[in-house]
Amino acid sequence: MRKDRPLGLDRYAPILRLGAPLIAYFLVQSLANLVGVALIGHLGDAVLAGVGAANAIYGLVLALLFGFDTGAQALISRAVGAGSPSRPGEVLADALAAAIPLGALLAVGLWAFGPAVLAMLIHDKSAVATGSAFLRAAAPSLLFLAVTTPINAGWIASGRPGVAFLVTVVTAAAQVGFTWLLVFGAGPIMAQGAAGAGMAGTLDTLLGVFVQIFLALRLRLAPRWSAPSLGGALEVVAIGWPVSVQQSLVQCFLIIVFFIVAQLGVAQAAVINVLVSLTLVPIQTMTGFGVAAATLVGQSLGRGEVDAARRWGWRSAGVGVLVTAPMGLAAVLAPGPLLGLFLHDPATLALAILPTRIAGLAVALDAAGRILGFAFRGAGATKIAAGVPFASQWLIQVPLMWWIALRLGAGVTGVVGVQTGVVFADAALFAALWSGGLWARGRTGAPPALAGVPPDARRIAILGGGGAGKSTLARRLGAARGLPVIHLDRLVFGPGWTRLGAEAVRARLTAALPDDAWIVEGTYAEASELTLPRADLVLWIDQPTWLRMYRSWRKSRDHQGRLRADRPEGCAEGFGWRYAVMVLRYGHLSQSWERGLNALSRTPVLHLRGDRAIARLLGEETR
């Protein structure tokens, strides 16, 4: 420890080391956005209102890509913490394979349907026309962002946020230049107005694709790339979809806010656009600390250090509060100079003063809540991170905003006041949940540590849900180790898929089970009572639910009228609704199940998550 550094500061160094480049990264984005709003503000309140509503619609569509950022970051940070150098390339390939087709679909959908949605939000024809032009010009950028979003998550999760910052500096500078040039025109380039701002965004993101790909290859973001897999892509989606849904609902909420305020007039809608843009500065500062928290929490859990993960969440939130509080204070004490950069009509400027001061009061506590939300994401507890904002926005904010802003006539001030109150409640709830242990039970896991496989294991039990791949693994492992394989389905069911009683199953298994060497696959409690206490190795295969469903259906389809080694005698191949329900309900190794299995087994259960974990296990068998 350096003697000239105050005792205790070292514990915050990783947050600052990760957070500082990220904050700079996000602030550069925010400043570029603010410059764009300021430029558009010179075109009048109607244009400012139209582009603000259009940006809310664009944000809604863009949010569907955010889950790829969260999923990739959670998995890559775990791989870094667990010391798995090949895993980042696998995750990135899977994330890109899923994100790019979705980005293309979203771009086409926004271009085709965005203007119609905008016309339902605001009624001023001039605002609708300018907002529609902006949307259609910006739509292609969604495809380009589908490429850069997972790569950017890779830089951050691997502990190299400085690269992400470099890319942002380049693209943000380009965006400001493109915006000025295309909005107002220069030389042979004609002024495009609001459409020019949308074009600037598209050109900027296209530039980002080239820069990101160049740096990813030059700086070896992933030591080794691999072909994407369906299971891997579904794993990224499974982690990230709650965040995509939550962020989409946040944008839906913002659209509803625009709709409510638009009922009050164009000036009020212009004020909301400016307030949203201004609050992005502290929010994206919070995001920088939040992403640092998510990375540190994820890496700690990758090393199995739950208490360390908890401390990183608290420390990151505390630092975020200290840094953002002065920003809120500036909005409280000096709103006029800030707002004057964007609003040029004196009446509109006066309308915005009080709401800006109220919003400033909530900044510090908003930082605590948002950063803890990111900590939940880093732990893989994305449903908690998504559920709290969902409940507060849709069950509290929307009804209260409608009632207070329109029915009671409080206008923009009422909208901001309701949001400030809910920020306080969200922060308190996130803090209470982080103090407990629920987030730890929701975490995603690091790639399995296959070093725990005993090389001399001769009695192996393989468990998991339907369609997880138990039979296939048992046959391949049996061939590799020269062990006989017992398929429990053949012992548990009689002709016509008649389920036998527990005593009959135990009697059959006792007769079939050799004393010294065997592999038994199947998940039945009556059989586990016999196999787990004697097993040298217990494996649980965990696969995404929909992948198990697909494989179960495919297995039934491919073996119609054909023999299958693990199918009971006298049982026809089939895939009905009862089997589908079973696949949906059973298959994930919950904490309580794992405790029960470990209590019964004489060796800890080894959790195999996904096809790659199985492939690594089988790869070790053939060495």
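I call a residue buried under 20% relative accessible area, exposed over 50%, and partly exposed in between (1.4 Å probe, protein chains only). I am working from a predicted model, where local features need pLDDT of at least 70, side-chain atom pairs count only at pLDDT 80 or more, and totals for chains, interfaces and linings use all residues. Residues are numbered from 1 along each chain as its sequence is written, and side-chain values use heavy atoms, with hydrogens and water left out.

**Entry: salt bridges**

I took a salt bridge as a side-chain nitrogen of Lys or Arg within 4 Å of a carboxyl oxygen of Asp or Glu. I found seven in the structure.

I looked up Glu-526 first. Glu-526 has 9% relative accessibility, so I log it as buried. Its side chain meets that of Arg-499 in a salt bridge, 3.0 Å from N to O. This pair links distant parts of the chain: Glu-526 is in helix H21 (residues 525-531), Arg-499 is in strand E4 (residues 498-499), and 27 residues separate them. Helices (H or I, at least four residues) and strands (E, at least two) are DSSP runs, numbered from the N terminus. Arg-499 is partly exposed because its relative accessibility is 45%.

Which side chains does Arg-506 meet in salt bridges? One is Glu-503, at 2.7 Å, N to O. Glu-503 and Arg-506 are three residues apart in helix H20 (residues 502-512), so about one helical turn separates them. Glu-503 is exposed, at 57%. Another partner is Glu-529, at 3.0 Å, N to O. That pair links distant parts of the chain, with Glu-529 in H21 and Arg-506 in H20, 23 residues apart. Glu-529 is partly exposed at 43%. I also noted that salt bridges with shared partners join Arg-459, Asp-536 and Arg-602 into one network.

**Entry: aromatic rings**

I paired rings of Phe, Tyr and Trp (its six-membered ring) with centres within 6.5 Å; planes under 30 degrees apart are stacked, over 60 edge-to-face, and the rest tilted. The structure holds six such pairs. Phe-493 and Trp-497 have ring centres 5.3 Å apart and planes at 70°, so I log them as edge-to-face. Trp-497 is partly exposed at 34%. Phe-493 also pairs edge-to-face with Tyr-524, at 6.3 Å centre to centre and 75° between the planes. Phe-493 lies in strand E3 (residues 493-494) and Tyr-524 in the loop between strand E5 (518-521) and H21, so this pair ties together parts 31 residues apart in sequence. Phe-493 and Tyr-524 are both buried.
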